[in-house]
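Colleague: I have not looked at this one before. Can you put it up so that I can ask a few things?

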Amino acid sequence: MSEAGTFCLDADGVARHFEAAEGNLLLSEYHGYCRKAINSFVVPHGVKGLDSRILSEVWVREKFELPEGLVHIGRGSSPFGPCAFTKCDLPTVVIPPSVETLGAYAFAKCQIQRLRLPLLNNCAYERQFKGASIDVLELPADWQKVDDELTGRSWQESGFGCLYSLFSNADSIGEVRYY
């Protein structure tokens with residue numbers, strides 16, 4: 001249990017289900033219609049993975065935290081595929097460096113205010129951000145260097161490379177920053 005709610009874990013430490021705490025769940029008018037909203041989504045330390053559809057069509061209003069030690073985002077069998085977060089509105093999302101796998105459609109159709117990615121070493125590029133809108137994308141400078149050396153051009157211009165594969169199906173990316 002975290003301040004945000006209860007995570008149901010399997011024997012491998014993969015969160016299969018999340019239930020928002022009573023004080024965390026609310027209905028809110030969002031862009032003209034009523035929608036589920038929670039104030040925070042905080043994954044406790046010790047969780048190794050987040051299963052398919054752990055959070056869907058929810059507006060996370062204030063805090064979204066993933067712990068160091070998390071290895072998989074969006075894995076497991078679901079008739080909808082391994083999308084962990086679908087059609088969610090998220091504040092700052094920081095993917096921890098421990099993450100080895102971002103499942104297909106992991107953040108499909110999400111609205112993300114700020115996304116910070118580490119240098120992912122082992123990631124299949126399966127439209128993880130298809131249909132997503134990202135206001136600010138923060139990437140390690142080393143990642144830009146790798147893509148520029150492979151193609152001789154920036155990842156946005158080249159039409160291929162690691163970053164292009166991850167974000168080519170995103171609806172929009174506002175500002176890109178390197179750290």
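Colleague: How many salt bridges does the structure hold?

Modeller: It holds four salt bridges. Keep in mind that this is a predicted model.

Colleague: Which residue forms a salt bridge with Arg116?

Modeller: Glu138 does, and the closest N and O atoms are 2.9 Å apart. Arg116 sits in strand β12 and Glu138 in strand β13 (residues 133-139), so this pair ties together parts that are 22 residues apart in sequence.

Colleague: Is Glu138 buried or exposed?

Modeller: Glu138 counts as buried, at 7% relative accessibility. The cut-off for buried is under 20%. Arg116 counts as partly exposed, because its relative accessibility is 24%.

Colleague: Where does Arg177 lie, the residue that meets Glu138 in a salt bridge?

Modeller: The side chains of Arg177 and Glu138 meet at 3.5 Å, N to O. Arg177 lies in strand β14 and Glu138 in strand β13, so the pair ties together parts that are 39 residues apart in sequence. Arg177 is partly exposed at 36% relative accessibility.

Colleague: And what does Glu175 form with Arg177?

Modeller: A salt bridge, with the closest N and O atoms 2.9 Å apart. Glu175 is partly exposed, with a relative accessible area of 40%. Through shared partners, salt bridges join Arg114, Arg116, Glu138, Glu175 and Arg177 into one network.

Colleague: Staying with β14, where is Ser172 found?

Modeller: Ser172 is in strand β14, which covers residues 172-178. Ser172 counts as partly exposed, at 37% relative accessibility. Ser172 and Phe129 are 43 residues apart in sequence, and their C-alpha atoms are 9.9 Å apart in space.

Colleague: Change of topic. Which residues form the positive surface patch?

Modeller: Lys87, Lys109, Arg127 and Lys130 form it. Lys109 is in the loop between β11 (101-102) and β12 (111-116). Lys109 is partly exposed, with a relative accessible area of 48%.

Colleague: What about the loop between β10 and β11, is Ser98 there buried or exposed?

Modeller: Ser98 is buried, with a relative accessible area of 17%. That loop runs between β10 (89-94) and β11. The Ser98 side chain makes a polar contact with the side chain of Glu68, at 3.3 Å.

Colleague: Last one. Where does Trp143 lie?

Modeller: Trp143 is in helix α1, residues 141-151. Trp143 is buried, with a relative accessible area of 2%. Trp143 and Tyr178 are 35 residues apart in sequence and 8.7 Å apart in space, C-alpha to C-alpha.

How values were computed:
Residues are numbered from 1 along each chain as its sequence is written. This is a predicted model: local features need pLDDT of at least 70, side-chain atom pairs count only at pLDDT 80 or more; totals for chains, interfaces and linings use all residues. Side-chain values use heavy atoms; hydrogens and water are left out. Helices (H or I, at least four residues) and strands (E, at least two) are DSSP runs, numbered from the N terminus. Buried means under 20% relative accessible area, exposed over 50%, partly exposed in between (1.4 Å probe, protein chains only). Patches are made of residues with over 30% relative accessible area and no salt bridge: like charges are joined within 9 Å, nonpolar side chains (Val, Leu, Ile, Met, Phe, Trp, Tyr) within 5 Å. Accessible areas come from the Shrake-Rupley method with a 1.4 Å probe; for residues, only the protein chains shown count as cover. Lys and Arg count as positive and Asp and Glu as negative; His and the chain ends are not counted. The place of a charge is taken as NZ of Lys, CZ of Arg, CG of Asp or CD of Glu. A polar contact is a pair of N or O atoms within 3.5 Å; within protein, one must be able to donate a hydrogen and the other to accept it, and residues adjacent in sequence count only if both atoms are side-chain atoms.
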